[in-house]
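Please report on the fold and the metal site of the protein shown below, with the cut-offs behind each term.

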Amino acid sequence: MAEGGRMQRIPPHTAYVGQACFKCHKSVEESASLKTCTSCRRVRYCSVQCQKDDWKAHKAFCKALRLVESDPATYDTLSRFVLNYAEHHPYHADRVNKLGEGMGVNEANLLIRRLGRPMTTVERNVVGWQARCMTCARTDSLIRMEAARNNSDITPLSSCSDCHLSFYCKPEHWQDAQRIHADEPSEDGHHTLTQCAIQRQMRLDQLFRRSIEEIPEGPSTFQWAPDRQKDQWTSLADANWESEFGVVLSESLQLDTPEAVASSRSLGPMLHCASDGLSMPMTILYGLENLNSDDTWTTKATLTIHVLGPAVEPELMKAQLFEEIMHQLPKVQTLQIIFCGPDIPPNSENWMEMETCPRCRRAGRKRRQRLYSRTYHEYALRLGSAYEVPDLAVAFNSGCSQEARDSWVGTIKHLVQRKVPTIFTAFNREEGEAEGKLFANAGATLVPALGPRKNP
Ligand SMILES: [Zn+2]
Ligand SMILES: [Zn+2]
Ligand SMILES: [Zn+2]
Ligand SMILES: [Zn+2]
Ligand SMILES: [Zn+2]
């Protein structure tokens, strides 16, 4: 725990590339004069006070960075990973990323040897997320080493003038990279946005997250679900975050007031942060809609959802976020959620009545949940004939094709045998496809609308 009883916060991505204070995370937008630590030249601070406050945590690593950079052998180790521009046609981002990774691993090993201990997460990020040329993988540190060897001037990396989160060491190295960066839609799941656009949004999201962190005694993460109730269920087929939540979020946070406008609390970043939590209830609704052939599920008196696996944070299980399911389904009287996973702390296993919003309470609607600290198939086995197939079983980013495979095999077998309507989400396309295969091999019928495909 840090001062004020708050958890030590990990600096945001922007802080590792000199775009935010390493201590208080204030970004260049908020504090024009970030000063570089003159000893290691790797981190920046908005004020002498912030540097002082961070010194205890930074001191040993700062010294290790300085010593490693000034050791001539370091240049020989790391310069092997710089891509020769002449061999760089056509431009290949993956290759540069691989080289950058290799350079990072070697630099980390040198630092660990100097430190005489493993690096912390933050220290690993300082190395792994540092700015590097998009074309040749050079870092500022390597550029300084080169200049020292050649007795020449230092020309630090320049950044994209739009997002300031992508870098190049000389103008020629920006020409091809710029096309990839700013013209082509990115391939990492956000097919419609360029890397530059995604990184500009990241900056806005970061500004917003910081404005939340600054509220004394406020929540450390932003959680929001609307109070509004829909009059009737409407299909999610053509829905998107803006259409579902844009107007209510904007109204509930009074984003049109002059104060809000002045404090740069724009809707986009808030919606991004809200979508972190809301994607759970929305994924459940989307799964129910696509696994049912008609709308009778929307008018059931009791709807039962089983949430499988460890990926749901305890604080989210407490959250009001699941009430959004009730607010989208006004005919449902009771929502029952069972959380089941080996990482859930042992619990009473009785139904817990959860607090609902005043309007649901007045209407006598109920939200109840139950926690089981075991795998799903163990849970089903224990209930025996009392086990009832839920309206939906869902696992969020289970990683079932990667980790704890054996225990998931038992769960998947149960889900298939009992024909449980099921939806699994994954971190990325590869995992999603691997999980699709696991299910297909177990004899499941895959519903084309649910993929494996991008979760809308
Ligand atoms: Zn600061
Ligand atoms: Zn330093
Ligand atoms: Zn370069
Ligand atoms: Zn850019
Ligand atoms: Zn409610």
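Are His327 and Cys357 buried or exposed? Both His327 and Cys357 are buried, where buried means under 20% relative accessible area, exposed over 50% and partly exposed in between, with a 1.4 Å probe and protein chains only.

This is a predicted model, in which local features need pLDDT of at least 70, side-chain atom pairs count only at pLDDT 80 or more, and totals for chains, interfaces and linings use all residues. Residues are numbered from 1 along each chain as its sequence is written, chains are lettered from A and ligands numbered from 1 in the order in which they are written, and side-chain values use heavy atoms, with hydrogens and water left out.

The zinc ion (ligand 5) is held at 1.9 to 2.2 Å by the donors tabulated here, donors being N, O and S atoms within 2.8 Å of the metal (3.2 Å for Na, K and Ca); water is not among the atoms, so sites may look incomplete.

| Residue | Donor atom | Range for the site |
|---|---|---|
| Glu323 | OE | 1.9 to 2.2 Å |
| His327 | NE2 | 1.9 to 2.2 Å |
| Cys357 | SG | 1.9 to 2.2 Å |
| Cys360 | SG | 1.9 to 2.2 Å |

Along the chain, the donors of the zinc ion (ligand 5) follow the spacing E-x3-H-x29-C-x2-C. His327 in helix 12 (residues 323–328) and Cys357 in the loop between strand 7 (352–354) and helix 13 (358–362) are 30 residues apart, a pair that links distant parts of the chain; helices (H or I, at least four residues) and strands (E, at least two) are DSSP runs numbered from the N terminus.

The protein chain comprises 16 helices and 10 strands, and 46% of its 456 residues count as buried.
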